[in-house]
Each structure stands twice: as C-alpha cells, then as structure tokens.
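Visitor: I would like to learn how to read a multi-chain model. Where do we begin?
Guide: With the picture itself, and then with one residue.

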Amino acid sequence: MRSIYKYFYDIFHGFYSLWTGMMTTGYYLVHPKKILTQEYPDNRGTTLYIAERFHGEVVMPHDENNEHRCTACSLCQMSCPNGSIEVKSEMIETPEGKKKKVLKQWIYHIDLCTFCGSCIDACPSDAIRMSNEFEHASYTKDAFLKVLNKPGSKLKSKEK
Amino acid sequence: MISLSDITQWIHKMLFQYLNGTVAYGAELVLAGVAVIALVVAMAIIMVYAERKFAGFFQMRWGPNRVGKWGTLQAIADTVKLMLKECITPNNADKPMFKLAPIIITVVGFLALAPFAFAKGIVLWDMNIGVFYVTAISSLSVIGILMGGWASNNKYSLLGALRSGAQIVSYELSAGLSIAAIIVMSGSMSLNDIILAQTDGWWILRGHIPAIIAFVISIIASTAEANRSPFDLAEGEQELTGGYHTEYSGIQFALFFLAEYTTMFILAMLNITLFLGGWMPFHIPGLTVFNHIMDFIPGIVWFFGKTFFILFLMIWFRWTFPRMRIDKLLKLEWKYLLPISIVNLLFAAFITLMGWHF
Amino acid sequence: MSAQAIAFYILGALAIVCSALTIFSRMIFRSAIYLLFSLISIAGIYFLMEMDFIAALQIMVYVGGIVVLIIFSIFLTHRSGDKLPCALTKRSLIGGIIALSGLALSGWIILRNTFTATNKPAVDLSIRNIGRQMLDYQQHGYVYPFEIISFLILAALIGCIVIAVKDKKE
C-alpha cells in the first residue's frame with residue numbers, strides 16, 4: 001500500500017518540481033529586463049560593469065607624492081607559482097648612515113600571470129592589489145612586461 | 001474567401017490543361033516534393049532561430065543579436081556556413097555507411113510528412129492508416145542514428161548511438177499507446193478523419209482525463225523520440241562530445257541537424273493533429289456565432305499556430321530541465337509511462353464504449 | 001510498361017540485390033543494413049499493391065524492430081567491426097546447393113500453380129475491417145491465431161522476467 005502511495009506521490013511530486021522549474025524559466029522569458037548579458041564592445045566605457053573583486057592585473061598604487069608601500073621584501077616573488085614577478089632591489093645608504101634595502105624595479109610578466117592573487121595575499125604591507133583592467137590584448141610581446149613602480153617613486157614613510 | 005485548396009485545385013487544373021496526363025502528374029509530384037523540402041527547410045530555419053532566441057531569454061541572455069536585425073539572419077548564416085564547410089570522413093570509418101547515414105535520416109524525415117493535413121484539403125497522401133504510417137516511418141530514424149554512430153568508428157559515437165537506440169525503441173511504446181487512445185476514440189487511423197472527428201471540439205477537451213493523460217505522455221515521449229533535452233543522451237555534449245554526430249561536419253552534419261528538427265516538427269504536428277484538432281478551428285458545440293468567428297481564421301494559421309505552441313513547449317523543456325541519466329530515463333519509461341499509458345488506453349476504450357466522450 | 005510496373009521491377013530488383021548482398025557481404029554491420037534495404041523494398045512493394053497496413057506493419061515490425069535488435073546485438077558483440085573470414089569451400093558449396101534447391105522448389109510451385117483472375121471485389125482494407133477480422137470467429141476470422149500469438153508473447157514476457165530476476169544468492 002505504501003509503495004503504491006509512493007508511486008503516485010513520485011509522479012505528482014515530479015510534475016510539481018518540473019512545473020516549478022518551468023515557471024522559473026518562464027518568468028525570465030517574460031521579463032527581458034532581467035537579462036544579465038553585457039554587450040561588451042558596444043557598452044565599453046558606458047554601462048560596462050565589472051565586479052569589484054575581479055582579478056584583472058596586479059597594480060601598485062602610488063599616492064600623490066609618488067610614494068608606494070613596497071619594502072622589496074620579495075615575498076610576492078616567492079609566493080608566485082609561475083614566476084611572473086621579479087623584485088629587483090638595491091642597497092642604499094640613508095642620511096642617518098644606515099644601510100637599507102629599497103625597491104629598484106618591480107617587474108611583472110603579465111604573460112606568465114594566472115591572476116591567482118597569491119602575491120596580494122603574501123604581501124605584508126599591502127603594496128600591491130588587483131585592478132579591474134582586463135583589456136590586455138597586444139600585438140607586441142613588450143607590452144606584457146610591466147614595471148609597476150613608477151620612476152622616481154620611493155617608499156612611503158610609516159605613519160606614526 | 002480563397003482557401004489554400006482552391007489554389008492547389010487551380011494549379012492541378014492548369015497543369016492538366018496544358019500538359020498531357022503523365023507529364024502533368026510528374027510535374028505535380030515534383031511540385032509536391034519541392035513544397036515539402038521548402039517547408040521543412042523553412043521550418044528548420046525558423047525553429048533554429050526561435051530555439052536560440054528563446055534559449056537566450058530563458059537563461060537571461062539575449063540570444064543571437066548580431067546578424068541582421070535581432071539576429072534574424074543568424075540561422076541562415078549558419079546554414080550557409082555548414083554548406084560551405086568541408087565534409088571530413090575519418091580514415092578508419094566505414095565510408096559508404098558513413099555517407100549514407102545522414103541521407104537515410106533526412107529521407108525518413110521527409111517521408112513521414114506525407115500523410116499530414118496542413119489545412120482543409122491540403123494533404124500529400126491521404127492514406128487510411130496515416131497515424132500508423134507516421135509512427136512506423138519515424139521508428140526508422142533510429143537506423144540513421146545507429147548507422148552514423150557505428151560508421152564513425154569512434155567509441156563516443158557508438159555510445160551515443162546505443163543510448164539513442166535504447167531510448168527511441170523504448171519510448172516508441174508509450175508514444176504508440178497514447179496515440180492508440182485517440183485512435184480508439186476517433187475510430188480511425190486516417191489523420192484527415194481524426195481531424196474531421198474533432199469538428200465539435202478537440203480530443204483533449206472531449207476525451208476527459210484519458211485524453212489529457214495521453215497528451216502529457218505523448219508530449220514526453222515525443223521529446224524523447226526527437227532526442228531533445230532532457231532526453232538528449234544520444235548527443236550528450238558534455239560526456240560524449242556530440243554523440244552519434246561527433247565525426248560529422250559540413251553538409252552531412254547539417255543533414256543530421258535538419259533531421260533532428262524535422263523529427264521535432266513531425267512529432268509536434270502529430271500531437272496537434274491527434275489532440276488539438278490539427279487545422280480545425282476551436283469550436284464549442286452550441287455557440288454558433290463563436291464557431292463562425294473562429295472559422296474566419298484560416299486552417300493553416302490554426303495548424304501552424306498550434307504546431308508552434310507544441311514546439312515552444314519542447315523548447316521550454318529543453319532549456320529548463322537537466323539531462324537525465326540513462327538508467328533513470330529507462331526507469332521513467334518502463335516503470336511510469338508504459339504502465340500508465342496501458343491503463344489509460346483501457347480507460348479510453350471504456351469511455352468510448354460507454355459513449356461518454358461528447 | 002506502366003509506371004507501376006517500372007516501380008515494381010525497381011523495387012523487386014532492389015529487394016533481390018540487397019538480399020544477395022546481405023549474404024555475400026563479409027562485414028556484419030553492412031549485412032544488417034542490406035537486410036534493412038531489402039525489407040524496405042518489400043514494404044515498398046506492399047505500398048504499390050495498396051496494402052498500406054501491411055506495408056506499415058512490415059516497416060514497424062521488421063525494420064523498426066527486428067533490424068534494430070540485430071544492429072544492437074552487433075554493437076554489443078566483441079570485434080564485430082572486423083571483416084569476417086571467407087567461408088570454407090565445402091560449406092559454401094553445400095549452402096549454395098541448398099539455396100538453389102529451395103529456389104527450384106518454390107519456382108516449380110509457382111510455375112505449376114495456375115493463377116486465375118477473379119471478378120470478386122477487393123477485400124475492404126480499412127483498419128476497422130482488419131480489426132473486426134482479427135477478432136472474428138466466423139468465416140475468414142483470425143481470432144484463433146490471434147489468441148495463440150498473444151499467448152506466445154505472454155510466455156515470452158514471463159520468460160524475460162524470469163531471466164531478469166535471477167536469484168543473486170548463487
């Protein structure tokens with residue numbers, strides 16, 4: 001008896017669940033405003049929306065005094081799984097007479113990068129972050145080699 | 001008012017007036033063939049466009065919208081592309097079979113169109129076993145799929161063909177039984193007679209619950225026989241990379257594609273002829289004025305309107321439901337659809353015997 | 001020669017050629033496909049004789065059912081795609097003799113039999129009449145073979161179930 005009840009229950013429950021699914025898609029059919037598609041090349045620069053957390057490329061923010069926060073510790077270089085980061089540093093002598101390691105060039109091979117974000121996680125001083133920029137296509141390979149620190153930039157002094 | 005049958009009559013008269021008998025007869029055959037091919041190709045193009053556009057809207061996308069206004073020329077562009085592409089035959093394929101398979105499957109599709117009445121008097125071959133003929137012919141389409149899958153000499157294709165064979169052979173049963181319920185009620189197998197029997201109302205309304213159950217089962221079985229999602233295991237893009245037509249390209253693939261849509265079209269036409277009255281306008285017995293107003297809409301509009309309704313349902317199914325697993329698919333047929341349709345057939349026979357359908 | 005006769009000879013030739021190819025082809029899948037064409041041509045001959053019901057039955061049962069089953073069993077057979085070896089000379093000789101004697105026997109019967117033309121009206125071929133005759137126990141009724149066949153199919157069904165639900169204890 002129970003199995004007979006289950007047999008018919010299965011049939012009606014099946015129809016009910018199918019109907020729920022069909023109603024969902026049917027709702028989308030009659031509500032074209034719900035469409036999520038972005039017509040990309042057409043809406044470039046107008047309605048194009050890219051999520052905040054999208055991993056586009058690694059950038060190094062500089063403030064208005066042309067200062068960055070990279071201490072050239074090269075943790076990012078070590079954390080990178082495919083070796084797309086090269087941190088070149090040099091030793092300089094500060095006015096107080098101390099020897100100090102400062103960043104010379106932060107070289108970013110975007111053609112090797114998988115945008116995993118490990119370098120951002122590894123950075124202890126929040127010197128780098130991921131930007132939303134995604135239009136990387138280029139005709140020459142040179143464009144894929146980027147130096148992230150701007151010429152003449154220096155380390156931001158620690159806020160006291 | 002000029003009806004379509006007047007036009008065909010006029011063509012018939014003209015041909016026999018200016019040509020001698022045999023030549024005129026041959027010319028009529030050629031004209032009918034061209035008309036069928038044109039209809040199928042036009043329908044396929046419309047259906048492909050509708051399918052992709054609806055698919056887009058069902059899934060919160062736009063669908064094709066670049067070629068032509070709203071992407072209307074997309075299907076035509078695809079057709080032209082497929083025609084221009086090279087037909088590649090794999091090296092170790094069974095070559096004659098490989099080339100024959102798409103032809104067989106297309107011919108079967110065209111053959112099954114013969115007994116359908118598109119409007120009053122527009123029928124290619126009014127045979128007295130029309131329904132049976134359509135089911136018999138459409139059971140042949142599995143041969144083309146099996147041939148294509150085997151001849152490709154590819155294990156994915158073979159698996160796809162096997163699945164498709166198991167599926168079509170088993171779903172034919174419940175499709176046949178649900179069709180039989182309507183045959184019992186109308187007492188004829190001729191599609192024309194079945195349509196004429198629905199002058200007072202469509203079978204789905206007149207046949208009480210058995211007709212509704214038969215309609216639902218028939219729609220499910222048609223979706224399965226047309227190899228459409230949720231029953232598209234034969235293609236199974238994700239697991240079988242295209243199933244039985246993995247190795248096909250160019251015009252051969254286009255023929256498989258065309259055959260798929262032809263099958264869908266034929267099954268939709270069969271369903272509306274049996275359950276929704278074919279070209280018969282919507283009549284309610286007793287309301288003479290209402291019936292006359294309905295009669296003003298030509299039969300061909302009714303016919304294609306209903307066909308597109310069924311096709312829309314199938315498209316809706318396809319873009320809503322996930323694909324079934326093969327064992328669940330066979331379980332659905334053998335444990336649910338088949339017993340229900342057998343019992344349903346008995347009920348339909350009982351209702352007919354007692355004269356309870358109005 | 002009328003168009004009907006031309007169509008008949010084409011279909012007949014197709015049936016004979018395809019049957020011969022079924023036997024002489026050494027690739028088993030192709031044999032199945034040739035068998036299919038042979039059966040379809042016979043269905044075509046039925047259509048030509050306006051025996052629509054039998055023609056559709058031929059297509060549904062033989063082509064849609066039996067050939068599909070044959071193809072299925074070919075699919076499930078190991079190494080069925082290979083070319084089969086040639087038959088032994090002795091066997092092919094014996095087979096040929098048996099086939100030829102069969103042909104001679106049926107040809108002799110057909111030639112001996114005198115076919116007489118009748119003026120009787122053709123049998124009503126409507127589905128209604130076929131159904132009536134199928135369940136008729138008067139003259140020209142087929143209720144006895146019909147019931148016998150339904151018993152046979154029932155026995156086959158039960159046999160299938162018995163095989164399918166074999167005890168798993170063994």
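**Reading the model**

Guide: This is a predicted model. Start with B:Asp327, which is partly exposed at a relative accessible area of 40%.

Visitor: Which side chain does B:Asp327 meet in a salt bridge?
Guide: Side chains of opposite charge can pair when their charged atoms come close. Here B:Asp327 meets B:Arg325, with 2.8 Å from N to O.

Visitor: How many salt bridges does the structure hold over all chains?
Guide: Ten. Take A:Glu135 and A:Arg44 as one example: their side chains meet at 2.9 Å, N to O.

Visitor: Where do A:Glu135 and A:Arg44 lie in chain A?
Guide: Both are in loops. A:Glu135 lies between strand S5 (129-131) and strand S6 (145-147). A:Arg44 lies between helix H1 (2-30) and strand S1 (57-59). The two are 91 residues apart in sequence, so the pair ties together separate parts of the chain.

Visitor: Is A:Arg44 buried or exposed?
Guide: Buried means under 20% relative accessible area, exposed over 50%. A:Arg44 has 52%, so it counts as exposed. A:Glu135 has 32% and counts as partly exposed.

Visitor: Which residue forms a salt bridge with A:Glu57?
Guide: A:Lys146. The closest N and O atoms of A:Glu57 and A:Lys146 are 2.7 Å apart. This pair also links distant parts of the chain: A:Glu57 is in strand S1 of chain A, A:Lys146 is in strand S6, and 89 residues separate them.

Visitor: Is A:Glu57 buried or exposed?
Guide: Apply the cut-off again. A:Glu57 has a relative accessibility of 8%, so it counts as buried.

Visitor: Which residues do salt bridges with shared partners join into one network?
Guide: A:Glu39, A:Asp42 and B:Arg66.

Visitor: Now the whole chains. What does the secondary structure of chain A come to?
Guide: List the elements, then read their order. Chain A has three helices and seven strands. From the N terminus on, they run α-β-β-α-β-β-α-β-β-β.

Visitor: What does the radius of gyration say about chain A?
Guide: Compare the value with the globule rule. Chain A has 26 Å, well over the 15 Å that the rule gives for 160 residues, so it is more spread out than a compact globule. Along the principal axes, its C-alpha atoms fill a box of roughly 90 × 45 × 35 Å.

Visitor: How many of the 160 residues of chain A count as buried, as a percentage?
Guide: The figure is 26%. Look at the contacts too. Take those in chain A with a separation of 6 or more: residues 24 or more positions apart account for 68% of them.

Visitor: Which pattern does chain C follow along the sequence?
Guide: α-α-α-α-α-α. That is six helices and zero strands.

Visitor: What is the radius of gyration of chain C?
Guide: 21 Å; a compact globule of 170 residues would have a value near 15 Å. The C-alpha trace of chain C spans about 60 × 45 × 30 Å along its principal axes.

Visitor: What are the burial and contact figures for chain C?
Guide: Of its 170 residues, 21% count as buried. Among contacts in chain C with a separation of 6 or more, 49% come from residues 24 or more positions apart.

Visitor: Which chains share the most contacts?
Guide: Chains B and C, of the two pairs in contact. Chain A and chain C do not touch; their nearest C-alpha atoms are 19 Å apart.

Visitor: One last residue. Where in chain B does B:Val289 lie?
Guide: In helix H13, residues 288-295. B:Val289 has 61% relative accessibility, so it counts as exposed. B:Leu311 is 22 residues from B:Val289 along the chain, and their C-alpha atoms are separated by 31 Å.

Notes. Residues are numbered from 1 along each chain as its sequence is written. Chains are lettered from A and ligands numbered from 1 in the order in which they are written. This is a predicted model: local features need pLDDT of at least 70, side-chain atom pairs count only at pLDDT 80 or more; totals for chains, interfaces and linings use all residues. Side-chain values use heavy atoms; hydrogens and water are left out. Helices (H or I, at least four residues) and strands (E, at least two) are DSSP runs, numbered from the N terminus. The radius of gyration is taken over C-alpha atoms; the globule rule is 2.2 Å times the number of residues to the power 0.38. Buried means under 20% relative accessible area, exposed over 50%, partly exposed in between (1.4 Å probe, protein chains only). Contact means heavy atoms within 4.5 Å. A salt bridge is a side-chain nitrogen of Lys or Arg within 4 Å of a carboxyl oxygen of Asp or Glu.
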